[in-house]
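Student: Please show me how to read this structure, one feature at a time.

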Amino acid sequence: MAQTHLGLNRARRVTSLLPLLRTAIPGPRSRALARQLRRYESRNITFISEHWPIFWERAAGANVWDVDGNRYLDLTAAFGVASVGHGNPHVIAALRQQAGKLIHAMGDVHPNRLKLQLARELVALTYRRNARVIFANTGAEAVEAALKTAAIHTGRPGVIAFTGAYHGLTYGALAATARNHFRQPFAKQLGRFITRCRYGVVPGKPPKNCGAVIVEPIQGRAGIIVPPDDFLTGLRRYCDRYGLVLIFDEIYTGFCRTGQWFASEHWGVMPDLICIGKGMAGGFPMAACVGHSPVMDSWPESDGEAIHTSTFLGNPLGCAAALAAIGEMKRLKLADRARQLGEYIQARLPVRGKGLMLGLPVANPAKLCEQLLQRGILALPEGDVIGLTPPLTITRRQLDFAIGNIAKLCR
Ligand code: PLP
């Protein structure tokens, strides 16, 4: 208990700190660790250069400390995950409490009650009622669950996906992902069930075997691209007309990121299936596919052997973290906060996007990110922009610092 209070106090004290650099960046400890990592991790994973990366030691709110004692301001929320702030004290408390009771249960056999609580909460947040959940551990797995659900429902294998799409890198999700960088080495092993159409334009008549459309309501990794206003409403009509299952991949856009609980709310469109992940559990790996019952109930009742499941499905720690994170989104009104802070940034920088899912088009995003790192600001390139997707708890003071530095470097 004492530890929980310590955690709370410490997190409260550090919620609005600016960067403080004590060493060259990356510092000597980060460099030494990078050299060691290079020996043990597959060389394709962590990018290592003279200027990159720093090794994270701890994080709180929108601040990150590295192993050399340098403090940074995080404009990435670590891939859009730390929406409720790094080390959110309520998430930490929930994890601590749950870890003392039950770390792992038997997802599809003997479950834990938190799985029920979280499923009920996810249904309430999305469809309100008459919906069902399939839990997953990563976004890509949530996409796999959605693709399988659509196939079970329609019996048709074909799926329409869009240019620029990013849905994850497992084989089913990778088939729907657009970028050749990820696809090319595995092209011969990829399923051929995808028809690629232009993002932002409602496709022409679907191919005969088509059963579903998968789309990001706002594209993230392609460069924070907001589609024309009639796109998602048009897709809904299109799917209704041709009997297709409409899947929204809200893994990036969900959980208040864009200034609404889910980005689909900007256009008032309900899909048949929603993929969620990233910000859902305050940093714990957790994802899900939530679907309208008329589609979801195409899955047969389990006869004791689920057709689709996984060892860690509905993990109690993940459920506890997600329930706490969702509680924080409500308590702190993070959708409103994202909208207001997004407007604040839009008034000061020529960015595109919605809420705190913004992108600033620049000539060389990777170079700008390196320059920002030298000033203690963590940012990532997303297509032709640098992404501005900070924790939704970031303060105006912190944003002003970031905006000032970005403006100076872009001048
Ligand atoms: N879908 C979208 C829209 C994403 O942005 C991502 C990750 O960036 C994924 C799916 C894949 O999620 P994960 O990396 O958790 O598998």
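Student: What should I know before I start?

Tutor: This is a predicted model, in which local features need pLDDT of at least 70, side-chain atom pairs count only at pLDDT 80 or more, and totals for chains, interfaces and linings use all residues. Residues are numbered from 1 along each chain as its sequence is written, and side-chain values use heavy atoms, with hydrogens and water left out.

Student: How do I read a pair of packed helices?

Tutor: Two packed helices are described by the angle between their axes and the distance between the axes. Axes are lines fitted to C-alpha atoms, for helices over the stretch in contact, and angles run from 0 to 180 degrees between N-to-C directions. Helices (H or I, at least four residues) and strands (E, at least two) are DSSP runs, numbered from the N terminus. Take helix 4 (residues 89–101) and helix 11 (residues 316–331): their axes come within 8 Å and cross at roughly 155 degrees.

Student: How are helix 4 and helix 11 oriented to each other?

Tutor: Angles under 35 degrees count as roughly parallel, over 145 as roughly antiparallel, 65 to 115 as roughly perpendicular and the rest as oblique. Helix 4 and helix 11 are therefore roughly antiparallel. Their crossing is right-handed. A crossing is left-handed if the near helix is turned anticlockwise from the far one by less than a right angle, and right-handed if clockwise.

Student: Which residues of helix 4 and helix 11 meet?

Tutor: Contact means heavy atoms within 4.5 Å. Helix 4 brings H90, V91, A94, L95, Q98 and A99. Helix 11 brings P316, L317, A320, A321, A324, A325, E328 and R331. The residues of this contact comprise 10 nonpolar, two polar and two charged. Ala, Val, Leu, Ile, Met, Phe, Trp, Tyr, Cys and Pro count as nonpolar, Asp, Glu, Lys and Arg as charged, and the others, Gly among them, as polar.

Student: What about helix 12 and helix 14?

Tutor: Helix 12 (residues 334–346) packs on helix 14 (residues 396–410) at about 30 degrees, with the axes 11 Å apart. That makes helix 12 roughly parallel to helix 14. Here L341, Y344 and I345 of helix 12 touch R396, L399, D400 and I403 of helix 14. Five of the contact residues are nonpolar, none polar and two charged.

Student: And how does helix 13 lie on helix 14?

Tutor: Helix 13 (residues 365–374) packs on helix 14 at an angle of about 130 degrees, with axes 11 Å apart. That makes helix 13 oblique to helix 14. L368, Q371 and L372 of helix 13 contact N405, I406, L409 and C410 of helix 14.

Student: How many disulfides are there?

Tutor: A disulfide is a pair of cysteine sulfur atoms within 2.5 Å. The whole structure has zero. For C256, the closest cysteine sulfur, in C275, is 18 Å away, too far for a bond. For C319, the nearest cysteine sulfur, that of C289, is 15 Å away.

Student: Is C256 buried or exposed?

Tutor: Buried means under 20% relative accessible area, exposed over 50%, partly exposed in between (1.4 Å probe, protein chains only). C256 is buried, at 0%. C319 is buried too, at 0%.

Student: Where does M357 lie?

Tutor: M357 lies in strand 12 (residues 357–361). M357 is buried, with a relative accessible area of 0%. Its C-alpha is 7.4 Å from that of G387, 30 residues apart along the chain. Leaving aside neighbours within four places in sequence, the contacts of M357 include I218, Y252, R257 and L388.
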